[in-house]
Amino acid sequence: MVEQVRVLDGHTMAEPARQKPAAAAGAILVPVLRIGVPVALLVLWEIAVRAGIIPARFFPAPSALFAEIWADLLSGKLVVDTLSSLNRLVWGLSIGVVLGVAFGMAMALWRQVDAALGVTVHVLRAIPPITWIGFSILWFGLGNRPAIFLIVLGTVFPMLLNTYAGVKQVDVIYLRAARNLGAHGFLLFRDVVLAAALPSILTGLRVSLGLAWILMVVGELIAVPAGLGDTLMRAQDYDQTDRMLAYMILIGFYGYLSDLLLAAVSHRLLRWQRGIEG
Amino acid sequence: MPAILDISGLTKVFPARHGRAPVHALKHINLMLDEGDFIAVMGPSGCGKSTLLNIVAGFDRQDDGTCLVRDRPVSGPGPDRGMVFQEYALFPWMTVERNMIFAMRAAGKYNAEAPARIQATLERMGLWQFRQSYPKHLSGGMRQRLAIARILAIDSPMMLMDEPFGALDALTRAVLQANLVELWQETRKTVLFITHSVDEALFLAERVIVMTPRPGTIVLDRRIDLKRPRDVTTPEFNDLKREILTMISPSLHVPGLHADESVI
């Protein structure tokens, strides 16, 4: 239980007594809710299916999903599918991030580039990426490339817009101070412009990561004969509802894990923004 | 002594905006600054003192006249005129030590001796034990000591200070003023110090320039020969203060303005 809080000058100060019961209740309640509610949902779901309230053919029980995942894990299929999907995700996201940051920087730093590309960028970003699926197969055929293309299209614009906004928001005092010290060129760009825009760029990355998962699965459902999305599609064709729902939830879980990982990395990179406890 | 700064006929007009008349921020300013001198430019808001400093720093350009630093016209900002900003202008994403390293890299002075120089400078400014801290965790006084340390590390021959202690509480301000005098006596860097406080100008400077607004002109240029360490409570100090306030008060349209500041 938290008895004392640290304050900025490093001294400690007793927390006001009247706040204690509320804080203590929160300290126990929050972790209980975090784990307890999802577990309770799973238990209720299992009971509902076993009691026949929900027909198993339409909505399989959690135990059936765990059994499915366990079997696919033992057979090695799950690992192969996951690695195959991750490969496309990483390629698509990396290309989207590099292009988005580069164009966002260029547009924010040079007014001429902004004027030349602004309208095109805003029209292109308003086209739902999924609608490109026809052309992606037409241009790239079946395989990794159409899926990667979709991910690039989905991630490049959030990266571009967030980078642009981040650079535009850099306080002019930092640029003045850096130029006064003699900074120019790459040092000014990397240590001042990029560093100051980093919080905004990381926000864009978090949005892009979520979109990349969605577009990866969409691409695999239609254009890739491998990966989690492909397995999901085949399960649908053969009416394997256990595997369908198991892979859907698995994809959701992967998305959540990758977001947690990125949040942890952001937390570390942006520790200068936080208080002394950070 | 040779002049490090030579300003002549300097004029700056901010164009008319929103139906208001153009502002003559500076009108035919002439000013010579000797190497190693400590000069304070003081005056009320809008007298053009910050515009003057921004032109010397290379952040702004004059409309007429010349601004020479060591006989060369100012063409942009540079580490030969290290600036200390009122807003500190430290990089919040760098630790104290990283801020120092960046300054030396930017100035092209990061060499084998740089780490030792950084340590010595931070120790001199009482910041070495905080080298891993981010600016956010430093007090206002410590932040401004770091901003000064940064300029010391790159060894700027001229220090430009734009109301550097304006955002600090009176006690911290007094300590930093005393520190700055010691530092100047040790290093004999040329200091161009902008302030709106008469006490601050008289406590710090060897020479005080008084400016008045509309248009921004120099109305007094006076050498201050009070012996150091200076005592702000002596009659001599108050005589000088009265002389300067008398110069400024007509421009403020406040008859009989007296000591309006309780700094120090």
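This is a chat about a predicted model with a chain A and a chain B.

Me: Before we start, how are residues, chains and ligands numbered or lettered here?
Reply: Residues are numbered from 1 along each chain as its sequence is written, while chains are lettered from A and ligands numbered from 1 in the order in which they are written. The model is predicted, so local features need pLDDT of at least 70, side-chain atom pairs count only at pLDDT 80 or more, and totals for chains, interfaces and linings use all residues; side-chain values use heavy atoms, with hydrogens and water left out.

Me: OK, what is chain A built from?
Reply: Chain A has ten helices and two strands. Helices (H or I, at least four residues) and strands (E, at least two) are DSSP runs, numbered from the N terminus. From the N terminus on, the order is β-β-α-α-α-α-α-α-α-α-α-α.

Me: How much of chain A is buried?
Reply: Of its 278 residues, 40% count as buried. Buried means under 20% relative accessible area, exposed over 50%, and partly exposed in between (1.4 Å probe, protein chains only).

Me: Take Val265(A), where is that?
Reply: Val265(A) is in helix α10 of chain A, residues 241-269. Val265(A) counts as partly exposed because its relative accessible area is 43%.

Me: Which domains does chain A have?
Reply: The assignment gives domain 1 (4-50) and domain 2 (62-273); such bounds come from an automatic or database domain assignment. Their C-alpha centres lie 33 Å apart.

Me: And what goes on between those two domains?
Reply: Four residues of domain 1 of chain A are in contact with five of domain 2 of chain A, where contact means heavy atoms within 4.5 Å. The two domains bury about 380 Å² between them, 73% of it on carbon and sulfur atoms. Buried area is the accessible area (1.4 Å probe) that two parts lose on being put together, summed over both. On the domain 1 side, Leu42(A), Trp45(A) and Glu46(A) supply 91% of the area buried against domain 2 of chain A.

Me: How many salt bridges are there between the domains?
Reply: Zero between domain 1 and domain 2 of chain A. A salt bridge is a side-chain nitrogen of Lys or Arg within 4 Å of a carboxyl oxygen of Asp or Glu.

Me: Switching topic, how many residues does each chain put into the contact between chain B and chain A?
Reply: Chain B gives 27 residues and chain A gives 21. The area buried between them is about 2200 Å², and carbon and sulfur atoms give 69% of that. In chain B, Trp93(B), Phe102(B) and His137(B) lose the most area to chain A, together 30% of what that side buries.

Me: What about salt bridges and polar contacts there?
Reply: The count of salt bridges between chain B and chain A is zero, but five residue pairs are in polar contact, both residues at pLDDT 80 or more. A polar contact is a pair of N or O atoms within 3.5 Å; within protein, one must be able to donate a hydrogen and the other to accept it, and residues adjacent in sequence count only if both atoms are side-chain atoms.

Me: Last one: is Gln144(B) buried or exposed?
Reply: Gln144(B), in helix α4 of chain B, is buried, with a relative accessible area of 0%. Leaving aside neighbours within four places in sequence, Gln144(B) is in contact with residues including Val84(B), Tyr88(B), Phe165(B) and Leu176(B).
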